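Student: I have a structure to read with you. Please take me through it feature by feature.

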Amino acid sequence: MSTRIAFLKGHGTENDFVIVPDPDNAIELSPAAVAALCDRRAGIGGDGVLHVVRSAAHPEARRMADEAEWFMDYRNSDGSIAEMCGNGVRVFARYLQHAGHAAEGDLAIATRGGVKSVHIAKDGDVTVGMGSARLPEGDVTVRVGERSWPARNVNMGNPHAIAFVTDLAHAGDLHTPPPVSPESAYPEGVNVEFVVDRGPRHVAMRVHERGSGETRSCGTGACAVAVATARRDGADPAVTGTPATYTVDVPGGRLVITERPDGQIEMTGPAVIVAEGEIDGEWLENTLR
């Protein structure tokens, strides 16, 4: 491992990430290394790592290289690999702009959840085309302590269970995954969102992200919540022909989610680069011994 490794720190609605630029995919980021970097006391701290690699240089992204030059190799804070991270895509785009690899306007970013269309606006907000939602059939139940709620199963390239509650405090501390049944509905784990109403087409949520615990925001979760809320409200753009837009408040800020009649979902919100520096390679190696 090289002596010094460049990194940046960024966040989208306070969902924060360690950004590791590595165009040629030369840095091996083991699960233990990712967990060490994301440690908030002994490392840099973050909800995950954005490993920035050219699509042509990564075996999982080469097939997307003709569509998107850059691949977001995303890792959860525990080192596990995730299919997608909506806030992460916005911060990834902001990094590409910061580094001179992208400008205001449209670009494409490869992810394990497919190629995502991104628009960087002049006002600083970033809009991400998040694809369409799948709503698997079957009853799902979320439990916290002695309380339980029926939940909506929504897949945004990663799995979500959405429970509508009367008070966000009912979600508990969210340090550990809330039990979801049946377990067979989510064989690889699930992100769990708790949702309350704030007004017409306006909700607030808390989330336990699979592999990261409670986070200040979850982009795919906000999209899943908007879709679940729309269906609860009887709104289906594919049926009405009219887009459905919901404001979703998260602990770290606000996201605006629009589902179009063709099923495509767009998420708009801020993305900020807050710092850059170097990781001491010797420290990282020592943490892995």
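Tutor: Begin with strand pairing. Two strands pair if DSSP finds at least two bridges between them. Helices (H or I, at least four residues) and strands (E, at least two) are DSSP runs, numbered from the N terminus.

Student: What should I know about the source before going on?

Tutor: This is a predicted model, where local features need pLDDT of at least 70, side-chain atom pairs count only at pLDDT 80 or more, and totals for chains, interfaces and linings use all residues. Residues are numbered from 1 along each chain as its sequence is written, and side-chain values use heavy atoms, with hydrogens and water left out.

Student: Which strands pair with strand 1, and over how many bridges?

Tutor: Strand 1 (residues 4-12) runs antiparallel to strand 18 (residues 272-280), with 8 bridges. There, R4 faces D280. Strand 1 is also antiparallel to strand 2 (residues 15-21), through 5 bridges. Strands 1 and 2 make a hairpin with 2 residues between them, and T13 in this hairpin has a positive phi near 45 degrees.

Student: How do I read the overall fold?

Tutor: Count the elements, then check the dimensions. The protein chain has 5 helices and 18 strands. The radius of gyration is taken over C-alpha atoms, and the globule rule is 2.2 Å times the number of residues to the power 0.38. Here the radius is 19 Å, close to the 19 Å from the rule for 289 residues, so the chain is as compact as a globular protein of that length. Along the principal axes, the C-alpha atoms fill a box of roughly 55 × 40 × 30 Å.

Student: How much of the chain is buried?

Tutor: Buried means under 20% relative accessible area, exposed over 50%, partly exposed in between (1.4 Å probe, protein chains only). By that cut-off, 52% of the 289 residues are buried.

Student: What share of the contacts joins residues at least 24 apart?

Tutor: Contact means heavy atoms within 4.5 Å. Take contacts between residues at least 6 apart in sequence: 62% of them join residues at least 24 apart.

Student: Now strand 15. Is it mostly covered or mostly uncovered?

Tutor: Strand 15 (residues 244-250) is mostly covered, with 5 of its 7 residues buried. Strand 13 (residues 202-209) pairs with strand 15 in the parallel sense, over 3 bridges. H202 has T247 as its bridge partner in strand 15. D249 has R254 as its bridge partner in strand 16. Strands 15 and 16 form a hairpin with 2 residues between them.

Student: How should I read helix 3?

Tutor: Check span first, then burial. The expected span of a helix is 1.5 Å times one less than its number of residues. Helix 3 has 14 residues and reaches 20 Å from first C-alpha to last, close to the 20 Å expected. Of its 14 residues, 12 are buried, so helix 3 is largely enclosed by the rest of the structure. Among the buried ones are G219, C223, V227 and A230. Just after helix 3, G234 takes a positive phi of about 85 degrees.

Student: Where do E83 and R210 lie?

Tutor: E83 and R210 form a salt bridge, with the closest N and O atoms 2.8 Å apart. E83 lies in the loop between strand 4 and helix 2, and R210 in the loop between strands 13 and 14, so the pair ties together parts 127 residues apart in sequence. E83 is partly exposed at 24% relative accessible area, whereas R210 is buried at 16%.

Note on methods. Salt bridge = Lys/Arg side-chain N within 4 Å of Asp/Glu carboxyl O.
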